[in-house]
Amino acid sequence: DLHLLPRGKPASLRLGFRHKHLHSVRGQYAPMVCLRKSWGGGEAKKQELSRKSGPSWGALVHGNRILASAVFRRLDAAKLSQPISAFAAAFKPSDIDAICEAAYGKIVAAIQMHYAGKFLAVLFKNPTMSKHVFDLAIT
């Protein structure tokens, strides 16, 4: 726990990081922003839905990891490795929103077409069915 670490040093040093390893942390900024954006979009979409059940709700609640994975698959890997200073020029929030919306629509369509009678909590715990939904979401 952080409260058990020695005081008086920067948190990065208390946690065992050294300056020479901080360059690997920089490459994680863009993916984290995109992940938060995809999950944040899901939370906003949940607020819009009038019914808290069915494929459109279940895709957001139980399929959030599949949604995030589909978004990352559709994003350009070179853009994700941009330094923090270049990230804003590489990605626009509307670009990520469009990718999230397209992937979400395909996930809901896949559920309705192939898994209409399934409990979605069970469906997304099944690796084979999750992979199938993922494959349909990235096409």
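## Surface and overall make-up

In this predicted model, the accessible surface of the chain comes to about 9,100 Å², and 59% of that surface belongs to carbon and sulfur atoms. Of the 139 residues that make up the chain, 29% count as buried.

The chain contains 10 helices and 0 strands, so that, read from the N terminus on, its elements run α-α-α-α-α-α-α-α-α-α.

## Helix 8 with helix 10

Two packed helices are described by the angle between their axes and the distance between the axes. Helix 8 covers residues 93–114 and helix 10 covers residues 127–137, and the axes of this pair come within 8 Å of each other while crossing at roughly 130 degrees. Because angles from 65 to 115 degrees count as roughly perpendicular and those over 145 as roughly antiparallel, helix 8 and helix 10 are described as oblique to each other. Their crossing is right-handed.

On the side of helix 8, the residues that take part are Ala103, Lys106, Ile107, Ala110 and His114, and on the side of helix 10 they are His132, Val133, Leu136 and Ala137. Sorted by class, the contact of helix 8 with helix 10 has 6 nonpolar, 2 polar and 1 charged residues.

## Helix 5 with helix 10

Helix 5, which covers residues 64–74, packs with helix 10 at an angle of about 40 degrees, and the two axes lie 10 Å apart. That angle makes helix 5 oblique to helix 10, because angles have to be under 35 degrees to count as roughly parallel. The crossing of helix 5 and helix 10 is right-handed.

Helix 5 contributes Ile66, Ser69, Ala70 and Arg73 to this contact, whereas helix 10 contributes Ser130, Val133, Phe134 and Ala137. By class, the contact of helix 5 with helix 10 is made up of 5 nonpolar, 2 polar and 1 charged residues.

## Helix 5 with helix 8

Helix 5 also packs with helix 8, at an angle of about 130 degrees and with the axes 9 Å apart. Helix 5 and helix 8 are therefore oblique to each other, and their crossing is right-handed.

In this contact, Ile66, Leu67, Ala70, Val71 and Arg74 of helix 5 meet Ile99, Cys100, Ala103, Tyr104, Lys106 and Ile107 of helix 8. When these residues of helix 5 and helix 8 are divided by class, 9 are nonpolar, none are polar and 2 are charged.

## Two residues of helix 10

Serine 130 lies in helix 10, and its relative accessibility is 7%, so serine 130 counts as buried, the cut-off for that word being under 20%. Leaving aside residues up to four places away in sequence, serine 130 touches Ile66, Leu123, Phe124 and Lys125.

Aspartate 135 lies in helix 10 as well, but aspartate 135 has a relative accessible area of 28% and is therefore partly exposed. Along the chain, aspartate 135 and isoleucine 107 are 28 residues apart, while their C-alpha atoms are separated by 9.4 Å.

Leucine 35 is found in helix 3, which covers residues 29–48, and with a relative accessibility of 17% leucine 35 counts as buried. When residues up to four places away in sequence are not counted, leucine 35 touches Ala68 and Phe72. Leucine 35 and arginine 65 are 30 residues apart in sequence, and the distance between them in space is 9.6 Å, taken from C-alpha to C-alpha.

Serine 53 lies in the loop between helix 3 and helix 4, the latter covering residues 55–61. With a relative accessible area of 34%, serine 53 is partly exposed. Although serine 53 and leucine 120 are 67 residues apart in sequence, they are 9.9 Å apart in space, again from C-alpha to C-alpha.

Definitions and conventions: Residues are numbered from 1 along each chain as its sequence is written. This is a predicted model: local features need pLDDT of at least 70, side-chain atom pairs count only at pLDDT 80 or more; totals for chains, interfaces and linings use all residues. Side-chain values use heavy atoms; hydrogens and water are left out. Helices (H or I, at least four residues) and strands (E, at least two) are DSSP runs, numbered from the N terminus. Buried means under 20% relative accessible area, exposed over 50%, partly exposed in between (1.4 Å probe, protein chains only). Accessible areas come from the Shrake-Rupley method with a 1.4 Å probe; for residues, only the protein chains shown count as cover. Axes are lines fitted to C-alpha atoms, for helices over the stretch in contact, and angles run from 0 to 180 degrees between N-to-C directions. A crossing is left-handed if the near helix is turned anticlockwise from the far one by less than a right angle, and right-handed if clockwise. Contact means heavy atoms within 4.5 Å. Ala, Val, Leu, Ile, Met, Phe, Trp, Tyr, Cys and Pro count as nonpolar, Asp, Glu, Lys and Arg as charged, and the others, Gly among them, as polar.
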